[in-house]
Structures are given as C-alpha cells and as structure tokens.
Amino acid sequence: MSLAIPVDSTVENLQHLLLCARGEKPCDLVLKNASVINVFSNEIKTEDVGICGNRIAGIGRYSGNREIDLRGKYLSPGFIEGHIHIESSMLSPHRFAEAVVPKGTTTVICDPHEIANVLGLEGVHYMLTCAEETPLDIFAMVPSCVPATHLETSGATIASEDIAQLLEQPGIAGLGEMMNFPGTIYGDEDVLMKLGKALTRNMVIDGHAPGVEGKDLQAYCAAGISSDHECTTIEEAREKLRAGMYIFIREGSTAKNLEALLPLVTPATCDRFLLVSDDRHPDDLVTKGHLDAILRRTVALGLDAIHALRMVTINPAERFNLKMRGAIAPGYLADLVVLSDLTNFRIEQVYKKGHLVSERERPTKPQPAGICTDNRLMQSVRIDWQKVDFRIPAHEQKKKIRVIDCIEDQIVTSMSEIEPTVADGYAIADPTRDLLKISVIERHHASGNMTNGFVRGFGFTNGAIASTVAHDSHNLIVVGTDDDLMLAAARLVADNGGGLSLVCRDGNLVLPLPIAGLMSDQPPAVVADQLASINKMAQQMGAQPSNPYMLLSFLALPVIPTLKITDKGLVDVTQFAFTPLWV
C-alpha cells in the first residue's frame with residue numbers, strides 16, 4: 001500500500017470517470033437519497049452519490065447500473081483511526097480488520113512499536129504484509145524508539161539507518177511517536193539522526209510528550225514533531241495546540257482523556273484534533289466497538305456530530321497526507337459508512353473502494369483468517385529455564401524492601417518501604433499483607449536475565465498470573481503467591497508461544513498469543529471470550545483490579561513513574577535509574 005493516489009490514472013479510466021461525473025454515462029453504483037455528510041462545509045444534504053470503480057464520480061442526481069435507495073440514511077466518509085497499536089487488540093491484523101471494518105473503520109494508522117520490540121524490522125514487515133490481504137487500509141508509522149530505554153532487554157533494535165530503509169517502503173506514513181522527549185529536547189545525536197530521516201523525506205513525525213511544557217515544549221516541536229496523544233489536561237492540550245501540534249484525543253481501553261480535553265474543541269480549532277484509541281482490547285472491540293464507540297461518547301458529551309466525524313475522517317486524512325480519503329467528494333475513494341443516526345452511530349453498511357464489505361455490522365463475505373505459520377513469529381519465547389530462580393535471599397544488614405504499590409485504574413505506581421516476611425532465610429510473598437512476588441524474565445535471547453521483587457495491589461491469596469504482554473520490551477512478567485505457582489504460570493504461557501496465563505488451586509487457564517507473544521489469529525469473539533474467562537477466573541481468585549493483566553502489562557514499563565521492574569532490575573523512574581530492592 002502506498003500514500004500515492006490509490007487510483008488508476010490512465011487516460012481511458014479518467015475519461016470513463018468523467019463521463020460518469022458529467023452524467024453522460026451511468027455510474028457503476030449509485031447510493032440514492034442519502035443524507036450526505038459534507039465534512040468540508042459542515043452540511044448534510046439529501047443527494048445521490050455516484051460511484052465509478054473505486055472512486056466517487058459525483059454528488060447530485062445520478063443514475064447507475066446498480067442503485068441502492070438509502071431512504072434518507074446518513075452517509076459518512078469511512079472512519080480513519082489516527083493512532084493505534086494493533087497489537088494491543090491481541091488480534092492479528094487480519095482479525096483486527098474483521099473486528100473494526102463492520103464498525104465503520106476503513107483506514108488505520110498504526111504504530112507497530114510493540115511487535116518491533118520483539119522482532120524488529122521483521123515484525124514491521126509482517127504488519128505491512130498483512131495489510132495487503134484485508135479490506136482495511138493499514139498504514140504504519142516507523143517505530144522510533146526500539147528499544148524504548150536502556151533499562152530493559154528488547155528483542156531487537158531499530159537504528160536510524162533501519163528507519164531510513166523503512167521510510168522508503170510502501171504503506172509507511174511517517175515516523176512514529178518519539179518517546180525519548182529528553183533526548184529530543186537536549187539534542188541527542190542518535191535521536192536527531194532518526195528525526196532527520198523523516199524530515200528530509202517531508203514525512204510527518206508523531207510525538208509522545210507527557211507533561212512537557214514551556215521552553216522544553218518549544219524545543220520538542222522545533223525538532224519537527226507535530227502531534228501528541230499524551231495530553232491529560234486542557235491546559236496541557238491548549239499549550240501544545242498553540243505550539244502548532246495536532247492534538248490526538250485518546251479514548252482507549254487504558255487511557256481515557258476525551259472528557260477532559262473535549263471543551264478545547266471548537267469550530268475554530270476542530271481541524272487540529274483527532275479522535276484516537278491508542279489501544280483497544282478485544283473485549284472492548286467486540287462489545288463496545290471502535291471509533292464508532294468514541295463518536296457516541298463524543299456526541300453524548302455535547303460536541304456537534306459533524307465536528308466529531310471530521311475528527312475521524314478528513315482531519316486524520318489531511319494530517320497523514322492520505323490522498324483522496326476522508327471525505328465524500330468527486331474523485332475521492334468510495335470508502336463510505338451508512339449510519340442510521342448521528343447519536344448512537346449504528347452502522348448499517350460499510351463500503352470499501354465502492355464495494356459493500358459489511359452490512360448490519362457483519363462482513364458480507366468471509367475474510368482471510370491470515371493464519372500465521374512463520375516460525376520466527378510463532379516461536380518468539382526463548383527462555384533458559386535452568387537459570388530461572390524466584391528466590392530472594394534475605395539481606396544480612398538491611399531489613400526493608402522497596403515495594404511497587406499499584407494505584408487503582410492507573411498505570412503509574414507509587415513506592416513504599418516495608419519489612420518483608422522472611423522464612424528459612426528468604427523473603428517470601430505474604431498474601432495476608434497483599435504482598436506478592438513479581439518477576440520479569442528476559443524471553444527474547446534466553447540470556448537468563450531476570451529480576452525479582454515485590455508488589456501490592458493484586459489481592460489474590462493463592463495463585464499466579466503471567467504474561468508476555470509487558471510494555472515496552474514484552475519480556476515475560478509474572479506475579480504470584482509462591483515460587484512454584486509462579487514457575488507453573490510462566491511455563492504455561494511459554495509453552496503456548498506467549499500470551500496470558502493463570503494458575504491456582506482451582507485449575508489453570510491460558511489465552512494463547514502465539515504471534516510474537518502478542519497476538520492471536522483466532523476470531524475476535526473467541527479472543528474476547530478467552531480474555532473475559534481468564535479475567536473472571538482471576539476475580540474468583542481474589543484479584544482486586546478489574547483487569548489484572550492490563551495492570552500487569554504496565555509494571556515493566558520504565559518510563560511511567562514511579563517504581564517499575566524490568567529484566568535488568570528495579571527502576572526508579574523519577575531518577576531514570578536502577579535502584580536496589582533492599583533498603
């Protein structure tokens with residue numbers, strides 16, 4: 001897939017298109033009596049839309065070889081997701097498309113940062129190759145920070161020369177979120193080389209600058225970065241808007257900033273805002289939807305429906321220079337969504353390049369399952385089990401330990417210092433104090449790296465959970481009430497090629513994610529049911545968080561405060577440095 005104009009521009013084809021546009025020849029398809037949403041003029045008018053091949057020939061009164069009377073139903077441009085990590089859905093790109101196209105999404109801009117941290121260039125190429133086989137247009141931003149930090153072991157490295165190679169590939173929309181904002185602000189040579197590869201090609205660069213303000217923000221933007229999806233307050237978003245940034249309002253499964261930021265969207269500022277999900281878990285996709293769900297929420301909060309639709313159509317198209325997408329206008333691709341209303345945004349039909357691909361939220365024909373057979377992708381969990389040891393010897397002099405304290409519904413943590421429970425010379429988990437063990441095991445190179453620590457906030461009294469979804473390097477992370485259960489949970493997830501696991505006295509459960517340890521090629525409803533089942537069993541085990549695996553996945557992320565754990569050690573994020581367990 002290419003950012004170039006996606007049409008047949010031969011003279012013969014254009015002449016045929018113009019004959020249809022002038023009304024001198026019947027169109028291939030005409031959608032009659034549609035309430036056409038015009039994102040340029042903010043109007044809704046009842047008109048026909050004539051389609052010739054994969055393009056819109058014209059809007060007005062047209063006849064066609066096939067005609068479908070929409071009887072006044074709303075006709076919107078296809079929805080465009082401006083920022084998502086598809087891996088967060090736990091679905092392969094094929095299965096992700098199966099989930100979102102019936103919800104009105106016809107194009108996505110993804111940042112394959114997660115799979116890149118596991119498989120590097122090979123992972124990015126996998127995502128782009130899958131895009132060629134689905135009814136969903138998938139464009140990718142080149143991951144800019146692989147690995148994200150020096151504080152963890154990733155599966156691969158993407159250097160500036162790799163970025164240059166990827167930026168030349170079809171389907172690439174720009175450089176992905178630059179998470180290393182300190183390196184950008186202070187002119188780190190490696191960071192500037194990466195930015196330069198995109199700037200010299202006149203490609204957009206996405207940002208990731210939580211809390212950056214003042215002169216630091218000015219420097220960050222001066223480096224060529226022109227968007228941000230990390231705003232959490234209206235003051236932060238306003239300052240970034242004034243600095244020339246596109247503001248991506250995030251309303252995903254994890255972070256939800258829509259209510260806080262929406263008052264900043266006005267008729268004067270609307271064209272600088274996008275509605276994005278960033279991450280969307282499979283249960284949310286199946287039960288709530290995708291961008292259609294964000295649109296419902298946006299309108300419920302009081303924004304005009306056409307302004308909301310602009311934020312998922314023409315705005316992302318213009319931001320990412322997607323030619324002939326994002327609007328219903330002559331010459332544009334016939335990516336269209338038929339809506340019953342502009343409050344609930346119930347999807348009646350979805351047209352992709354002039355073809356009906358979904359009706360009443362069901363695909364019109366079976367989609368390719370995209371079963372993955374690549375051994376490199378399917379065998380990404382490599383652990384030297386002889387070196388796995390969960391024991392924590394008691395310290396002879398120091399009596400207290402640093403503990404990761406989870407905060408409900410937050411990915412940030414706090415840190416406390418307490419005396420551990422000691423038995424037979426080892427510090428052990430103590431469920432009566434909600435003090436569980438946590439470990440991260442390096443799973444890419446079988447290096448034997450691992451770190452043991454303690455965490456509070458999970459609440460279960462007998463059991464263990466493990467996952468290979470552990471941002472950003474996606475090593476194997478496990479929490480449990482004793483070493484044997486932790487080992488069993490870790491082995492269970494590894495034996496399934498990655499995923500989520502649970503081991504307790506009532507039995508074992510696993511959600512296999514064999515593609516890079518991050519994704520499944522099973523149908524969306526199956527994966528959603530598996531996730532619901534393992535979360536339910538965790539609740540029965542006594543887990544306090546409503547989604548313990550989501551919480552677990554962020555405890556290894558050493559760029560979000562305060563205390564985190566990686567395969568290399570405990571990390572005091574406020575100091576961006578390792579810190580000892582014993583105090």
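Modeller: Strand β28 and strand β29 (residues 569-572) run antiparallel and are joined by four bridges. This is a predicted model, in which local features need pLDDT of at least 70 and side-chain atom pairs count only at pLDDT 80 or more, while totals for chains, interfaces and linings use all residues. Residues are numbered from 1 along each chain as its sequence is written, and side-chain values use heavy atoms, with hydrogens and water left out.

The strands named here are DSSP runs of E with at least two residues, the helices are runs of H or I with at least four, and both are numbered from the N terminus; two strands are said to pair if DSSP finds at least two bridges between them. On that basis the open sheet has three strands in the order β28-β29-β30, with antiparallel pairing. Its edges are β28 (563-566) and β30 (577-578), each of which pairs on one side only. To find your place in the pairing, look at I565, whose bridge partner in β29 is L570. In a regular strand the side chains alternate between the two faces of the sheet.

Most residues other than glycine have a negative phi, and most peptide bonds are trans. The bond joining P561 and T562, however, is cis, with omega about 10°, and T562 sits in the loop between α18 (548-554) and β28.

Two further exceptions are found in another loop, the one between β24 (463-467) and β25 (476-480), where D472 lies. The peptide bond from H471 to D472 is cis, with omega near -5°. H474 belongs to the loop between β24 and β25 as well, and has a positive phi of about 60° although it is not a glycine. With a relative accessibility of 1%, H474 counts as buried (buried means under 20% relative accessible area, exposed over 50%, and partly exposed in between, with a 1.4 Å probe and protein chains only). A446 is another residue other than glycine with a positive phi, near 55°; it is found in the loop between β22 (436-441) and β23 (450-456), and with a relative accessible area of 30% A446 is partly exposed.

Strand β2 (residues 43-52) pairs with β3 in the antiparallel sense over five bridges, and the bridge partner of D48 in β3 is G60. The hairpin of β2 and β3 has two residues between the strands, and there G53 takes a positive phi near 65°. As for cover, five of the six residues of β3 (residues 55-60) are buried. Strand β8 (residues 137-142) and β9, by contrast, pair in the parallel sense over three bridges, with M141 standing opposite G174 in β9. Strand β9 (residues 172-178) is mostly covered, with seven of its seven residues buried.

Among the helices, α2 (residues 93-100) is mostly covered, with seven of its eight residues buried, namely P93, H94, R95, F96, A97, A99 and V100. Their cover includes strands β6 (79-84), β7 (105-110) and β8, together with helices α4 (121-131), α11 (282-287) and α17 (524-540); contact here means heavy atoms within 4.5 Å. Helix α11 holds D284, which is buried, with a relative accessible area of 11%. If residues up to four places away in sequence are not counted, D284 touches S253 and G289.

Finally, these parts belong to a chain with 18 helices and 30 strands. Its radius of gyration is 25 Å, close to the 25 Å that the globule rule gives for 583 residues, so the chain is as compact as a globular protein of that length; the radius is taken over C-alpha atoms, and the rule is 2.2 Å times the number of residues to the power 0.38. Taken along the principal axes, the C-alpha atoms fill a box of roughly 90 × 50 × 45 Å. Of the 583 residues, 60% count as buried, and among contacts between residues at least 6 apart in sequence, 69% join residues at least 24 apart.
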